[in-house]
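Visitor: I have a model open and want to learn how to read it. Could you take me through it feature by feature?

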Amino acid sequence: MLHLFMKTQFAENLKKIASAENLLEAWREFLPGKRGKPDVQEFQLRLMDNILSLRDDLVNGTYRHGGYQAFKISDPKPRDIHKASVRDRLVHHAIYRVLYPFFDQTFISDSFSCRNGKGTHAAMNRFRTFARIVSKNDMRTYWVLKGDIRKFFANVDHTVLMGILKSYIPDGRIIKLSEEVIGSFSSAPGIGLPLGNLTSQLFVNIYMNEFDQFVKHTLKARHYLRYADDFIVLSGNREWLEIILPEMRNFLANRLILALHPKKVSIKTLASGVDVLGWVHFPDHRVLRTTTKRRAIVRVAADSNEQRVASYLGMLKHGNGKKIKNQILQIVGGGFGTEGYKKGKVIALYTKSKVNLAPQWAKR
């Protein structure tokens, strides 16, 4: 049974998105970190002319989204990124600035991805709070249902997404603009959102909010949280988790045309260790996932710039990471201590890869 609930209507129209004021603010938000890019500099040379031309195209309904530049990254697994033109990315920011504040209020509080004041650390802390509540402060056994959406961005259905947007947004011109942006990319006909678009972050949360609402209000899962394509439900009743799992599968398949990753669904106790957002959680502590440890050591060994080291040391504050912290500091300090963490040995110890990193060392 589909969960039905009254949806608040978005009261603004296209003029707010297309206004020169909104486009200028969107440009200011888009610009940081990109000033040195040739395409950004070219757009900025005639900024007001470009802003006013874009405003006219949006207002007149003649705006057409361009193509994408594709490239690959490893973060840590390989991902296909698609980068739009500066003009189109400015439109993404303009849309986001207006739609995000409205839709953010419709999301459940325990959705943590790509939202102001949320993020991975807030999600992990919420998980720990849920664990204390469900276990009655470690006085009883409980189980954690963990699921992952298979190829999430690549499988978002355009027709379903547009249907959800239409249920919130009565303004036809905003719907037409959203359709232009969504339809500018596909991993298969009528399917997929590009990882590089700011709007994609918002659209996937709008899409998965349907699932969040179903789990919270129809399945009555009190201790549920989601971060992007990962979700978790905690309960003291394993049988209940086994009952709701197929209902979740059915909703995803029938309403959102999505599927769970067959190898990333589990129901287990926290005592056995539950992997949540890169950390393996136990009742009284959490440790960094082994693959994340290896990646941190190899990356710092290959390039120990200040920002990268600070990022990893900051991450390690959120769990039991004293040992790896010391290893990173040994690499950065160059002393390597009595354990013999020479540069080459660090890499050999923490990665099975045979990649020779000597050239990176030579450049330092």
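Visitor: What covers the buried residues of helix 2?

Guide: This is a predicted model. In it, the cover over the buried residues of helix 2 includes helix 1 (14-18), helix 3, helix 4 (47-60) and helix 5.

Visitor: Which residues of helix 2 are buried?

Guide: Helix 2 spans residues 20-30. Its buried residues are Ala 20, Asn 22, Leu 23, Ala 26, Trp 27 and Phe 30.

Visitor: Next, helix packing. At what angle do the axes of helix 3 and helix 5 cross?

Guide: Roughly 80°. The axes of helix 3 (residues 38-45) and helix 5 (residues 86-104) come within 10 Å. Angles from 65 to 115 degrees count as roughly perpendicular. Helix 3 and helix 5 are therefore roughly perpendicular to each other.

Visitor: Which residues make that contact?

Guide: Helix 3 supplies Asp 39, Val 40 and Phe 43. Helix 5 supplies Val 86, Arg 87, Arg 89 and Leu 90. By class, the contact has 4 nonpolar, no polar and 3 charged residues.

Visitor: Now charges. How many salt bridges does the structure hold?

Guide: It holds 14. Take Arg 115 and Asp 104, whose side chains meet at 2.7 Å, N to O. Arg 115 is in the loop between helix 5 and helix 6 (120-134), and Asp 104 is in helix 5. They are 11 residues apart, and the pair links distant parts of the chain. Both residues are buried.

Visitor: What does the salt bridge of Asp 212 with Arg 226 tie together?

Guide: The closest N and O atoms of this pair are 2.9 Å apart. Asp 212 lies in helix 9 (residues 198-218) and Arg 226 in strand 4 (residues 224-227), so the bridge ties together parts that are 14 residues apart in sequence. Buried means under 20% relative accessible area. Asp 212, at 1% relative accessibility, therefore counts as buried. Arg 226 is also buried, with a relative accessible area of 1%.

Visitor: Are Glu 242 and Arg 238 buried or partly exposed?

Guide: Partly exposed. Glu 242 has 38% relative accessibility, and Arg 238 has a relative accessible area of 32%. Their salt bridge has its closest N and O atoms 3.0 Å apart. Both residues lie in helix 10 (residues 238-256), 4 residues apart, about one turn of the helix.

Visitor: Which residues do salt bridges with shared partners join into one network?

Guide: Lys 7, Glu 210 and Arg 255.

Visitor: What is Ser 113 in contact with, beyond its neighbours within four places in sequence?

Guide: First find its place. Ser 113 is in the loop between helix 5 and helix 6. At 6% relative accessibility, Ser 113 counts as buried. Its contacts beyond those neighbours are Asn 205, Arg 226, Tyr 227 and Ala 228. Arg 226 is also the salt-bridge partner of Asp 212.

Visitor: And the whole chain?

Guide: The protein chain has 15 helices and 9 strands. Of its 364 residues, 45% count as buried. Among contacts with a separation of 6 or more, residues 24 or more positions apart account for 70%.

Note on methods
Residues numbered from 1 in each chain as written. Heavy atoms only, no water. Axes fitted to C-alpha atoms, helices over the stretch in contact; angles between N-to-C directions. Helix = DSSP H or I, 4+ residues; strand = E, 2+ residues; numbered from the N terminus. Parallel < 35°, antiparallel > 145°, perpendicular 65-115°, else oblique. Contact = heavy atoms within 4.5 Å. Nonpolar A, V, L, I, M, F, W, Y, C, P; charged D, E, K, R; others polar. Salt bridge = Lys/Arg side-chain N within 4 Å of Asp/Glu carboxyl O. Buried < 20%, exposed > 50% of the residue type's maximum accessible area, 1.4 Å probe, protein only.
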